[in-house]
Amino acid sequence: MTDSTTIYHNPRCSKSRAAMELLSDKGIEANVVKYLDTPPDSDAISEILDMLGLEPRELMRKGEQAYKDNNLADESLTREQLIDAMVNNPILIERPIVIKDGKAAIGRPIENIIDIL
C-alpha cells in the first residue's frame, strides 16, 4: 500500500465525498475502494490500523447497529475478533480512510488527510 494513493470510500457519506473532492482538487488520482462493496480483508485492516497507530475499536463506528448486535463493546474480545467483525460488517469501519506513501489518515476532520498528502 505504498507509492500510491488509496481511499476507502462510501459515496453516501458527506465526509467521504469531501475527501474525494479534496484529492481531485489536488490532482491526485486515487485507487477508490468502495469498502462496503469490496471490504478489506483482515490483513489490510491490520495494516491500516498500524499505519494509523490505532487499535481496532478506535477505527469502529460505535453508533452502528452492527456494533451493538455483535456486542463489540465487550472488552474481552481480541484484536483479531474485532478486525474480523470489521471484515464481516464493513459498515463499522470509520470513513473515509486515505492512504498515501505508507501513511494513513481518517478524514474526520478533512484536515487529517491534507497532513499526509
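Here is a short chat about charged side-chain pairs in this predicted model.

Visitor: Hi! What should I know before looking?
Guide: This is a predicted model, where local features need pLDDT of at least 70, side-chain atom pairs count only at pLDDT 80 or more, and totals for chains, interfaces and linings use all residues. Residues are numbered from 1 along each chain as its sequence is written, and side-chain values use heavy atoms, leaving out hydrogens and water.

Visitor: How many salt bridges does the structure hold?
Guide: Seven. A salt bridge here is a side-chain nitrogen of Lys or Arg within 4 Å of a carboxyl oxygen of Asp or Glu.

Visitor: Which residue does R61 form a salt bridge with?
Guide: With E94, and the closest N and O atoms are 3.0 Å apart. R61 sits in the loop between α2 and α3 (65–69) and E94 in the loop between α4 and β3 (97–100), so the pair ties together parts 33 residues apart in sequence. Helices (H or I, at least four residues) and strands (E, at least two) are DSSP runs, numbered from the N terminus.

Visitor: Are R61 and E94 buried or exposed?
Guide: Both are buried. Buried means under 20% relative accessible area, exposed over 50%, and partly exposed in between (1.4 Å probe, protein chains only).

Visitor: Which residues are linked with them in a network?
Guide: Salt bridges link R61, E64, E94 and R108 in a network.

Visitor: New topic: what about D50?
Guide: Its side chain meets that of R79 in a salt bridge, 3.3 Å from N to O. D50 belongs to helix α2 (residues 42–52) and R79 to helix α4 (residues 79–88), so this pair ties together parts 29 residues apart in sequence. D50 counts as exposed at 55% relative accessibility, while R79 counts as partly exposed at 24%.
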